[in-house]
Amino acid sequence: MSDDNRIKTEELISEESKAAATPMMEQYIEIKAANPDLMLFYRMGDFYELFFDDAVDAARALSITLTKRGQHLGRDIPMCGVPVHAADDYLQKLIGLGFRVAVCEQTEDPAEAKKRGAKSVVRRDVTRLVTAGTLTEEKLLAPGESNFLMALSRVRGEGDNAFGLAWIDISTGIFRLSATSEDRLAADIMRVEPRELIVADTLFSDEKLRPVFDLLGRAVSPQPAVLFDSATARDRLARFFSVATLDGFGQFSRAEMSAAAAAVAYVEKTQINERPPLGIPEQDGGARTMFIDPATRANLELTRTMSGGRDGSLLKAVDRTVTSGGARLLGERLMSPLTAPDKIAQRLDSVAFFLGEAALCEDLRSRLKQVPDMPRALSRLALDRGGPRDLGAICQGLSVAREVAGALSVAEVPEEIANALAKLTALPQTLETQLSSTLAEELPLLKRDGGFVREGADRALDEARSLRDTSRRVIAGLQAQYAEETGVRGLKIKHNNVLGYFIEVTSLNARALTEGDDAKGKFIHRQTMANAMRFTTSELADLESRIANAAGEALAIELETFEKLRDAVVSEAEAIKAGALALAVLDVSAGFAVLAEAEAYCRPVVDETTAFGIVGGRHPVVEQALRQQSGGPFVANDCDLSPTEGDKGSLWLLTGPNMGGKSTFLRQNALIAILAQTGAFVPAESAHIGVVDRLFSRVGASDDLARGRSTFMVEMVETAAILNQAGPRSLVILDEIGRGTATFDGLSIAWAAVEHLHNSNGCRGLFATHFHELTILSEKLPRLVNATMRVKEWKGEVVFLHEVGPGAADRSYGIQVARLAGLPSSVVKRAKNVLARLEDADRKNPAASLIDDLPLFQVSMRTPEPEPQASAVEQMLEGMKPDDMTPREALDALYALKKQLRADVSIED
Ligand SMILES: Nc1ncnc2c1ncn2[C@@H]1O[C@H](COP(=O)(O)OP(=O)(O)OP(=O)(O)O)[C@@H](O)[C@H]1O
């Protein structure tokens with residue numbers, strides 16, 4: 001099937017195409033026309049089938065066979081299909097690749113359709129849209145990660161905070177809002193890491209926002225602008241939450257409202273008839289969290305590494321949680337460190353409490369391990385996608401929550417834990433009793449076959465079941481009886497879907513059932529097979545209908561019970577969600593305590609000062625990695641950026657050899673600040689941190705060729721953002737700026753950047769560089785301190801000590817590192833040679849040395865000289881007008897000048 005000749009979606013949904021369609025095709029085209037941007041999973045019996053472009057895309061994405069089925073408009077129809085029972089796996093892959101899928105089901109029984117006429121088509125309808133941001137299935141979700149759908153809106157005339165963000169995790173019911181401004185936009189979006197971002201198509205085409213959308217790639221989904229209409233937003237939200245007014249929810253800006261209404265509308269659009277149990281929208285304290293711009297977030301590898309994996313990220317290194325809710329909360333907290341010292345202290349108090357109560361902490365964690373994912377089970381139940389195991393999860397969750405509350409009630413607990421405890425004790429105990437007394441021990445995944453209500457829970461059910469089971473036993477008895485009567489020992493009573501129950505004997509034995517009056521009157525022939533014959537009896541038919549009735553009745557009772565339990569659970573949604581969050585809070589705090597104990601972390605002091613004093617700090621990820629690789633121990637280092645006078649913090653200029661540990665040191669201090677403000681203990685002997693409101697970093701080299709930016713351009717864009725935005729409370733980490741260009745350009749930029757950070761931004765910062773010339777700046781900038789990574793030279797080899805000490809490095813040992821990396825020895829030898837010559841030339845001809853070559857440095861280093869004053873002689877000369885003088889006057893003037901000159905010399909002596 002050549003690509004050119006294929007029927008593309010646009011042509012498929014055209015009027016001409018509709019006119020030429022068979023009834024079946026007409027139905028397909030209609031549904032496709034309503035969902036042109038989505039891949040259509042079209043239910044046909046036990047398969048979801050895909051046609052046309054969808055089939056081609058899906059076959060490629062899923063590596064499944066592409067075939068064809070019939071023709072439309074005189075051309076082949078490409079087709080592929082996936083079995084319904086395996087659909088989740090395929091959906092997962094497609095969603096992961098950025099597709100959005102519309103699931104179209106048969107909404108009536110084929111038998112019903114037949115009643116309307118032999119050629120009538122079974123009714124079908126899209127029952128849900130599966131998009132990355134609106135998943136609920138356990139299989140499609142990562143347990144420890146939130147799955148946010150985010151809506152972005154803009155309302156003109158709202159001043160600085162013209163943008164609104166609303167994000168929803170329908171799998172847990174979290175619903176948050178935040179107003180934001182253009183310069184914070186990317187950072188605020190990336191803090192949440194949405195799986196899907198919806199924007200009005202008009203906003204999507206705004207070129208100014210293109211970089212933000214590029215950052216998110218395929219996760220951005222433009223939607224019709226009416227979804228974001230701010231005039232009707234309030235009403236739409238009120239309708240969703242079935243309230244008359246939103247006043248009780250708090251004060252939201254128009255932009256926030258518009259985003260919230262759009263998010264809700266999108267959830268409704270994707271879930272079609274079901275309504276997830278969303279919490280009421282809560283304003284997110286975006287402004288009360290540490291601002292971390294997207295580049296910094298990525299560079300510091302907070303939740304994933306630059307290569308995209310979780311291993312090697314900060315989150316992975318500090319995650320000791322034992323529940324999926326705890327893991328999600330930890331991720332969220334780490335992405336949004338707080339800036340209010342009292343709130344931070346509250347969290348630290350919880351960690352300290354568990355650290356001091358080791359036995360209680362251990363006991364709590366072993367109980368928490370039994371906690372299932374309650375919010376996600378709840379969400380599935382509310383969306384009518386839940387099964388018996390989801391009810392079981394709620395039941396078990398409630399029971400563990402009760403035990404946890406009991407275990408904690410014995411101790412005097414700090415505020416955050418007390419709040420969590422209150423939520424646990426408020427959980428509905430009656431619901432737990434109702435669930436546990438009704439549900440069986442072993443629960444099936446699906447409700448459709450029954451078997452999940454325990455014996456003794458419902459009298460009518462027990463009766464129906466016993467009737468069904470005794471009838472089955474009677475059938476076994478019947479088989480023995482018929483075998484005896486007919487003398488055919490191999491006689492069997494079997495069951496299949498076409499005949500129901502039947503008696504089967506081999507053809508050789510059939511005579512015993514077909515001959516003789518007794519037999520003839522009793523056994524009714526049903527079917528003749530190649531080597532067997534099948535019969536029934538009125539007795540058997542009667543039993544069969546009793547079994548079917550009893551089983552049907554039992555199932556009906558079970559399904560009814562399921563609905564009752566589901567309603568009971570959903571009506572307690574708020575309490576259950578609050579309880580689940582409380583368990584997550586306990587899990588995170590206890591996890592941090594375990595981490596602190598195992599890794600020897602200390603409680604940081606976080607206050608309103610601009611101090612930054614870390615004693616014996618370590619890099620949380622590198623330290624663990626070194627241990628796992630059985631490398632040497634991690635060398636702890638101090639870092640003191642606290643103000644020496646006034647309230648502005650200091651800048652450290654860090655020089656040292658390649659591989660000396662500069663980058664590690666820079667990052668570890670940023671990570672310690674993040675951990676401290678997340679409310680965790682930190683890898684250090686002690687840490688005093690004045691709240692950091694903005695964290696910036698420029699580390700590592702990466703290019704962004706897709707956006708037409710070279711490595712150096714990316715570096716400069718990021719540096720520009722820092723120099724423009726960092727303030728006195730910020731912490732700035734700059735690793736080797738200016739290295740991506742010619743030496744002089746790079747050095748000049750680095751020089752000017754340090755001066756700017758010192759004089760204009762006034763922030764705390766760490767600046768690592770190989771431009772050793774910069775160290776001279778410390779003479780002129782009072783808050784700039786030189787520090788260096790120490791090395792030892794031993795028999796011509798360089799030994800990295802990884803120790804930070806005061807002072808400046810004199811060389812980079814680049815060639816030694818290159819040799820360690822395996823550069824061919826001829827190249828290393830030649831490089832040494834060239835270096836020796838360059839250094840020699842530099843010594844012999846200082847005029848050609850870098851520092852002298854750059855007027856920039858001469859100017860900057862010299863103390864400015866006062867403007868020279870004109871001397872008295874010069875002033876006298878200036879006042880003379882030779883053209884107006886007679887020869888005599890000119891001679892007198894000459895004598896006067898001589899005299900003055902003598903007078904000047906004697907004063908200076
Ligand atoms: N404090 C430390 N204790 C032990 N090992 C360390 C320490 N710091 C760094 N290292 C080890 O040294 C390696 C190099 O560190 P890092 O990348 O920070 O050096 P660098 O000075 O930034 O190098 P370059 O200038 O080449 O970029 C790390 O991968 C780590 O294994």
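This is a predicted model: local features need pLDDT of at least 70, side-chain atom pairs count only at pLDDT 80 or more; totals for chains, interfaces and linings use all residues.
Seven strands form an open sheet with mixed pairing, and their order is S13-S23-S24-S25-S21-S26-S27. At its edges are strand S13, residues 291-292, and strand S27, each of which pairs on one side only. At the S13 end, S13 pairs in the parallel sense with strand S23, residues 694-698, over two bridges, and within that pairing Ile292 has Leu695 in S23 as its bridge partner.

At the other end, strand S26, residues 784-794, and strand S27, residues 797-806, run antiparallel and are joined by eight bridges; Lys792, for example, has Val799 in S27 as its bridge partner. These two strands make a hairpin with two residues between them, and there Lys795 takes a positive phi near 50 degrees. Further along, His802, which lies in strand S27, has a positive phi of about 60 degrees although it is not a glycine. That deserves a remark, since most residues other than glycine have a negative phi. Is His802 buried or exposed? It counts as buried, because it has 21 C-beta neighbours inside 10 Å, and the cut-off for that is 20 or more.

A second hairpin can be described in the same terms. Strand S3, residues 67-72, and strand S4, residues 75-83, run antiparallel with four bridges joining them, and Lys68 stands opposite Pro78 in S4. Here too there are two residues between the strands, and Leu73 takes a positive phi near 50 degrees in this hairpin.

Let me turn now to the helices, starting with H3, residues 23-34. This helix has twelve residues and reaches 17 Å from its first C-alpha to its last, which is close to the 16 Å expected at 1.5 Å a residue. Its buried residues are Tyr28, Ile29 and Lys32. Seen down the axis of H3, these buried residues fall within an arc of 100 degrees, so they line one face of the helix.

Helix H4, residues 52-62, includes Phe52, which has a positive phi of about 50 degrees although it is not a glycine. Phe52 is also buried, with 23 other C-beta atoms within 10 Å.

My last stop is Leu435, in helix H20, residues 429-438. Why does Leu435 count as buried? It does so because 21 other C-beta atoms lie within 10 Å. Leaving aside residues up to four places away in sequence, Leu435 touches Leu391, Ile394, Cys395 and Leu565. Cys639, by contrast, is 204 residues from Leu435 in sequence and 56 Å from it in space, C-alpha to C-alpha.

Note on methods
Residues are numbered from 1 along each chain as its sequence is written. The expected span of a helix is 1.5 Å times one less than its number of residues. A residue is buried if 20 or more other C-beta atoms lie within 10 Å of its own, exposed if 12 or fewer, and partly exposed in between; C-beta atoms are placed from the backbone. The arc is that of the directions from the helix axis to the C-beta atoms. Two strands pair if DSSP finds at least two bridges between them. Two residues are in contact if their C-beta atoms, placed from the backbone, lie within 7 Å.
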